[in-house]
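Thanks for coming. I will go through one model, from the overall layout down to single residues. Please have the sequence and the structure open.

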Amino acid sequence: MSRKIKKRKISTLEIRKAIREHGEDILKHPNFLKSAHNIQHGDVSVMKHSLKVAYAAAWLNKKLHIKCEERDLIRGALLHDYFLYDWHDTSREDFNPLHGFYHPGVAYRNASKDFNLSPREADIIKKHMWPMTIKPPRCREAWVVTAADKYISTLESLRLHNRSRMIKLRRRISGQDSVHHGQELNR
Ligand SMILES: [Fe+2]
Ligand SMILES: [Fe+2]
């Protein structure tokens, strides 16, 4: 007898609602809003990147039944890159080419000034660049955000975050694009 595996569809609206509810004060904070003007990867701002990481972390948590504390997970993800400067700007007085190594510490200091961080949120921010941080995450929430951040950062760096670009790439890989192209040529 075949066993029926019950698949639960993860609702985009449900995740967005959780981000709005748990991150309400962060999403309205002037410093978080300012990060919309700083580029993170490709053409994606730090604010948009942080929202994408929060979404991906919450999705992974639900999909894999990791049982994270959702509030800490989302808030930590929203604040993981709260370094509040343009890391591409080499003319900055405090410019440091080792941004990858030291920005978790800057983000943690900034976030603790603006928000009351829980121990899990602090761990997420401080360890999200693991293994660069050497010390590994100490809670499952930090592991999930670390994984989500790497996934989203890779897509953004390769400029694959855009849905239509992803669809085009999938078509190219599956050969559908060449069929379509061939049809165009035969016209
Ligand atoms: Fe980061
Ligand atoms: Fe990040």
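Helices here are DSSP runs of H or I with at least four residues, strands are DSSP runs of E with at least two, and both are numbered from the N terminus. On that basis the elements of the chain run α-α-α-β-β-α-α-α-α-α-α-α from the N terminus on. That is 10 helices and two strands.

Some housekeeping. This is a predicted model, in which local features need pLDDT of at least 70 and side-chain atom pairs count only at pLDDT 80 or more, while totals for chains, interfaces and linings use all residues. Residues are numbered from 1 along each chain as its sequence is written, and chains are lettered from A and ligands numbered from 1 in the order in which they are written.

Next, burial and contacts. A residue is buried if 20 or more other C-beta atoms lie within 10 Å of its own, exposed if 12 or fewer, and partly exposed in between, with C-beta atoms placed from the backbone. Of the 187 residues in the chain, 32% are buried. Two residues are in contact if their C-beta atoms, again placed from the backbone, lie within 7 Å. Among contacts in the chain with a separation of 6 or more, 62% are between residues 24 or more positions apart.

Now the core. In soluble globular proteins, nonpolar side chains tend to be buried together. A nonpolar core means a set of buried Ala, Val, Leu, Ile, Met, Phe, Trp, Tyr and Cys residues joined through C-beta atoms within 7 Å. The largest one has 30 residues, and Val53, Ala54, Ala57, Leu73, Ala77, Val145 and Ala148 touch the most other members. At least two residues of this core come from each of helix H1 (12-22), helix H4 (46-63), helix H5 (70-79), helix H6 (99-114), helix H7 (119-127) and helix H8 (140-157). What does Ala77 contact, leaving aside its neighbours within four places in sequence? The partners are Ser50, Val53, Ala54, Ala57, Ile124, Val145 and Ala148.

The expected span of a helix is 1.5 Å times one less than its number of residues. The 18 residues of H4 should therefore span 26 Å, and the end C-alpha atoms are 25 Å apart, which agrees. Its buried residues are Val46, His49, Ser50, Leu51, Lys52, Val53, Ala54, Ala56, Ala57, Ala58 and Asn61. The cover over them includes H1, strand E1 (39-41), strand E2 (44-45), H5 and H8. Met47, also in helix H4, is partly exposed because it has 19 C-beta neighbours inside 10 Å. Beyond four places in sequence, Met47 is in contact with Phe32, Ser35 and Ala36.

On to helix packing. Two packed helices are described by the angle between their axes and the distance between the axes. Axes are lines fitted to C-alpha atoms, for helices over the stretch in contact, and angles run from 0 to 180 degrees between N-to-C directions. H5 and H8 pack at about 45°, with their axes 10 Å apart. That makes H5 oblique to H8, given that angles under 35 degrees count as roughly parallel, over 145 as roughly antiparallel, 65 to 115 as roughly perpendicular and the rest as oblique. On the H5 side, Asp72, Leu73, Gly76 and Ala77 meet Glu141, Val144, Val145 and Ala148 in H8. The axes of H5 and H7 come within 8 Å and cross at roughly 35°. There, Asp72, Arg75, Gly76, Ala77 and Leu79 in H5 meet Arg120, Glu121, Ile124 and Ile125 in H7.

One lysine next. Not counting residues up to four places away in sequence, Lys127 touches Thr133, Lys135, Pro136, Pro137, Ala142 and Thr146.

Last, the backbone. Most residues other than glycine have a negative phi, and most peptide bonds are trans. Lys67 has a positive phi, near 65°, and lies in the loop between H4 and H5. Lys67 is exposed, with 8 other C-beta atoms within 10 Å. Leu84, in the loop between H5 and H6, has a positive phi near 60°. With 17 C-beta neighbours inside 10 Å, Leu84 counts as partly exposed. The peptide bond from Trp130 to Pro131 is cis, with omega near 15°, and Pro131 lies in the loop between H7 and H8.
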